[in-house]
Amino acid sequence: VCTSRFWFNYRHVANTLSVYRSVKRLGIPDSHIVLMLADDMACNPRNPKPATVFSHKNMELNVYGDDVEVDYRSYEVTVENFLRVLTGRIPPSTPRSKRLLSDDRSNILIYMTGHGGNGFLKFQDSEEITNVELADAFEQMWQKRRYNELLFIIDTCQGASMYERFYSPNIMALASSQVGEDSLSHQPDLAIGVHLMDRYTFYVLEFLEEIHPASQTNMNDLFQVCPKSLCVSTPGHRTDLFQRDPQNVLITDFFGSVRKVEITTETVSLDSDLAGFESNLLKDELATEPLKYAEQLPVAQIIHQKPKQKDWHPPGGFILGLWALIIMVFFKTYGIKHMKHIF
Amino acid sequence: GTMAAAALLFLLLVAAAGPGRAGAGRARRDALREELLLSPLPAGDVAATFQFRTRWDADLPRGAVSHYRLFPKALGRLVAALGVQELHLALTQGFWRTRTWGQPPLQAPAGAELWVWFQPTVMDVDKAWKELSNILSGIFCASLNFIDSTNTVTPTASFKPLGLANGTDHHLLRYAVLPREVVCTENLTPWKKLLPCGSKAGLAVLLKAERLFHSSYHSQAVHIRPICRDASCLAVSWELRQTLTVVFDTFSSGQGKKDWSLFKMFSRTLTDACPLASQSKVYVDISPKNKEKELLEVTPAPASVYEAIVQGDKRTYAVYDLLSPSLFNTSRSLNVQLKWKRPQDSSELPTPVLHAQRYVSGYGLQTGEISTLIYNTHPYRAFPVILLETVPWYLRLYVHTLTIITKGKENKPSYIHYQPAQDRRRPHLLEMLIQLPANSVTKITIQFERALLKWTEYTPDPNHGFYVSSSVLSALVPSIIAMKDVDVEQSPLFTSLFPSSDGSSYFVRLYTEPLLVNLPTPDFSMPYNVICLTCTVVAVCYGSFYNLLTRTFHVEEPSRGGLAKRLANIIRKFRGVPPL
């Protein structure tokens with residue numbers, strides 16, 4: 001999730017896209033990723049190289065790629081949508097790619113970046129999510145059995161405050177800085193004109209580039225990723241709610257998706273008559289007279305088009321009340337016995 | 001008697017279609033044609049229009065199909081489930097400059113545009129419309145779920161169906177535009193996935209996002225409509241056209257030279273045709289301008305040349321057929337290059353017959369005026385045009401200030417339909433049929449007032465401004481040369497976009513610029529500032545006043561001091577310093 005808008009927050013989009021890229025490279029398909037980007041940097045008019053988002057100076061690595069799929073864009077990234085995605089309380093017509101379809105055996109990785117403070121994370125410069133809300137959302141997820149284990153990574157200023165309030169089991173959290181510290185950005189690129197990435201995510205990306213789907217690296221290595229000498233801020237982590245020992249948790253448990261493939265030598269013969277079967281089943285209805293295309297600009301028909309009849313509505317409250325008043329006054333003045341003269 | 005004969009015939013048919021007929025000889029029910037049209041534009045840019053057309057001889061709405069081959073399943077199920085008769089979705093970045101570039105083959109307004117005709121069997125059109133926009137937002141990664149009643153209109157005269165239609169009840173039509181929608185790689189990716197060959201073979205290998213978005217205009221669209229299956233038109237086929245139009249500014253990116261090639265534009269060349277396509281062609285517009293000798297030269301030499309009358313003009317095209325074996329004999333890849341033999345005079349720019357311009361004028365943040373200028377440059381023919389304007393509710397239009405002036409005199413429209421807006425529920429809809437006299441400029445002005453929104457309704461970046469979507473001009477432009485009726489299957493795809501009615505005019509749909517209007521925006525940091533300031537003032541003033549009134553002073557006896565103090569005083573006496 002990238003929560004920042006405006007061109008000078010390019011680095012937050014680059015952060016999110018780097019993690020997205022690593023996660024896709026390690027095997028998680030787009031159908032299992034919900035990517036939220038609060039602003040569009042790649043096709044921003046200020047981007048000197050359209051359709052690219054770089055993470056390294058000298059434009060070495062284009063993290064935007066050629067097959068990115070963003071699920072929530074621009075104004076759709078709001079606190080409400082984020083919480084709805086997490087808890088699953090989504091309007092029924094939401095497409096599948098925008099839902100978190102997880103169950104009690106899913107491991108979920110949540111990565112958030114943006115501007116934050118002590119106990120809150122700012123969404124698009126207009127609203128905030130607090131650590132209490134986030135903790136409650138995770139508790140809802142736990143009670144609805146929407147996750148097996150959850151890894152929460154946050155790269156903002158004072159990020160550690162966001163995981164202080166978690167109280168649901170099986171959550172591990174990492175943050176790029178402690179309370180009272182700012183997370184700093186890595187390096188600016190003079191051609192693009194903005195800072196390209198944040199330090200913590202930069203070193204996390206370097207770390208993840210070494211991981212391949214079969215690697216046995218565990219979480220303790222991830223905790224060591226950005227020491228104070230490189231990151232200037234002190235990254236923090238929280239594992240007390242997690243049941244397993246971080247030593248035994250593989251990175252690929254959260255960042256990758258390894259699927260078991262069984263190879264079989266049996267052959268399956270497909271019914272070659274399938275197409276024939278279909279054509280026999282479907283007999284098209286033929287029209288009795290030729291169909292035709294509509295006229296694109298039937299001037300005569302348009303000019304003589306009658307205006308749409310307005311639907312008749314029964315008179316509303318005010319009109320009824322007014323008429324009732326008039327009739328009451330009338331009968332009070334003149335009395336009922338004069339009615340027979342009217343009818 | 002007849003029953004036995006019919007049974008025998010049926011048995012024969014079944015036997016003929018039995019298991020012995022696998023392979024060639026069976027007519028497939030769907031077909032793919034792909035086409036690329038490269039046209040150099042008068043001002044030096046190059047327009048490339050890709051069209052991928054899948055035609056499927058099946059009856060989708062009846063929902064009895066379950067085997068999808070070339071037609072994408074996502075769209076097929078959408079059409080069947082929601083009772084869609086026609087669907088047109090376009091995502092565009094940039095603006096087509098009609099005055100300098102000429103008439104567009106198929107234009108779309110900036111942002112996202114969706115218009116749909118539903119089948120007459122659909123009971124609740126609004127509900128189907130809402131579901132449709134949500135499903136499409138998931139398929140195309142666009143925020144089409146923002147389409148709701150505040151930006152949807154039901155035009156009454158424009159947007160007639162482009163496919164077969166049994167009568168046009170405009171209650172079944174919905175039209176919406178999201179002018180703020182951004183188009184980027186994430187919209188191109190699912191669009192490419194819908195193609196039968198993906199982006200791995202055929203013309204789609206040229207579609208690389210890094211080059212496509214570095215352009216002046218990029219528009220990708222999906223059109224689904226029912227068409228005639230054959231000349232007799234007794235059966236219905238479904239057509240899916242995916243079009244992508246991109247305009248490259250070769251002048252600025254080509255070091256000052258106007259020569260271009262496929263490699264320069266797309267950083268790729270063509271190596272083969274899509275194996276699933278029945279036709280795969282590249283057309284290059286080499287029409288001589290002003291009847292002079294050709295000033296441009298195309299390499300490699302085309303195998304054939306095609307002449308047609310397109311948009312009222314006689315045009316010549318060089319044709320490269322990717323499925324013909326002789327094309328890749330000399331080299332394994334096809335890189336079409338075009339060189340200009342002599343520089344073109346800038347005074348030769350031909351103006352298109354119909355073009356329009358729209359702008360907002362006025363000052364301040366309370367009122368303003370929207371002006372639309374429509375130009376008819378035909379020397380002697382007049383023709384009518386339908387103008388459709390959709391204005392959001394927060395710009396309150398005053399229809400009594402609507403004026404239409406042509407050549408200094410007032411021009412009364414033959415048909416006018418105005419639906420006023422309802423705050424937060426419906427936008428303004430203004431549709432007019434205006435007759436444009438020959439060689440004239442028509443100016444349409446309407447004044448508006450800006451509304452103040454509730455503070456929760458502002459977007460996170462309200463100082464950017466609010467967009468007013470493009471207005472639509474639909475016209476039957478008279479053509480100089482009479483056009484023949486085209487046979488859809490034999491002629492190139494770019495000639496059969498709009499169904500032609502007669503040969504004397506061609507249908508064109510133009511869009512004007514979108515407008516950016518500033519609404520009076522409050523300063524959102526003010527509540528915090530006000531609280532701080534007020535609290536400070538209250539604390540200082542009231543606090544001081546309260547202290548003055550209620551503080552009393554008491555005299556306090558000094559204490560004798562402890563042991564440490566007495567010792568310190570003794571030492572100080574010795575030093576000569578006054579005691580504590």
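## Close-up views of chains A and B

**Figure 1. Salt bridges cross the interface between chain B and chain A.** Across this interface, the rule finds five salt bridges. The model shown here is predicted. One bridge joins Glu69(A) to Lys193(B). Their closest N and O atoms are 2.6 Å apart. Side chains of opposite charge can pair when their charged atoms come close.

**Figure 2. Helices and strands of chain B face chain A.** Seen from chain B, the elements that give two or more residues to the touching side include helix 4 (125–140), helix 5 (185–193) and helix 6 (209–212). Strands are also among them: strand 7 (217–228), strand 17 (383–391), strand 24 (472–478) and strand 25 (505–511). Which element of chain B gives the largest share? Helix 5 does, with six residues. By residue type, this side of chain B divides into 33 nonpolar, 20 polar and 15 charged residues.

**Figure 3. Chain B and chain A bury area between them.** How many residues take part in the contact? On chain B there are 68, and they are in contact with 56 residues of chain A. The area buried between the two chains is about 5,300 Å². Carbon and sulfur atoms give 57% of that area.

**Figure 4. Three strands of chain B form an open sheet.** The strand order is 9-14-11, and the pairing is antiparallel. Strand 9 (260–261) and strand 11 (296–299) are the edge strands. Each of these two pairs on one side only. Strand 9 meets strand 14 (residues 337–340) over two bridges, in the antiparallel sense. Look for Trp260(B): its bridge partner in strand 14 is Leu338(B).

**Figure 5. Thr16(A) sits in a helix of chain A.** The helix is helix 1, residues 10–25. Is Thr16(A) buried or exposed? Thr16(A) has a relative accessible area of 3%. Buried means under 20%, so Thr16(A) counts as buried. Which residues does Thr16(A) touch, leaving aside those up to four places away in sequence? They are Val1(A), Cys2(A), Leu35(A), Leu37(A), Tyr111(A) and Thr113(A).

**Figure 6. A network of salt bridges links four residues of chain B.** The members are Arg53(B), Arg225(B), Glu239(B) and Arg241(B). Within this group, the side chains of Arg241(B) and Glu239(B) meet in a salt bridge of 3.1 Å, N to O. Arg241(B) is buried, with a relative accessible area of 2%. Glu239(B) is buried too, at 1%.

**Figure 7. Arg358(B) and Glu389(B) pair between two strands.** These residues form a salt bridge, with the closest N and O atoms 3.4 Å apart. Arg358(B) lies in strand 15 (residues 354–361) and Glu389(B) lies in strand 17, so the pair ties together parts of chain B that are 31 residues apart in sequence. Both residues are buried.

**Figure 8. Arg55(B) and Asp57(B) form a buried pair****.** What joins these two residues? A salt bridge does, and its closest N and O atoms are 3.1 Å apart. Both Arg55(B) and Asp57(B) are buried.

Notes
Residues are numbered from 1 along each chain as its sequence is written. Chains are lettered from A and ligands numbered from 1 in the order in which they are written. This is a predicted model: local features need pLDDT of at least 70, side-chain atom pairs count only at pLDDT 80 or more; totals for chains, interfaces and linings use all residues. Side-chain values use heavy atoms; hydrogens and water are left out. Contact means heavy atoms within 4.5 Å. Buried area is the accessible area (1.4 Å probe) that two parts lose on being put together, summed over both. Helices (H or I, at least four residues) and strands (E, at least two) are DSSP runs, numbered from the N terminus. Ala, Val, Leu, Ile, Met, Phe, Trp, Tyr, Cys and Pro count as nonpolar, Asp, Glu, Lys and Arg as charged, and the others, Gly among them, as polar. Two strands pair if DSSP finds at least two bridges between them. Buried means under 20% relative accessible area, exposed over 50%, partly exposed in between (1.4 Å probe, protein chains only).
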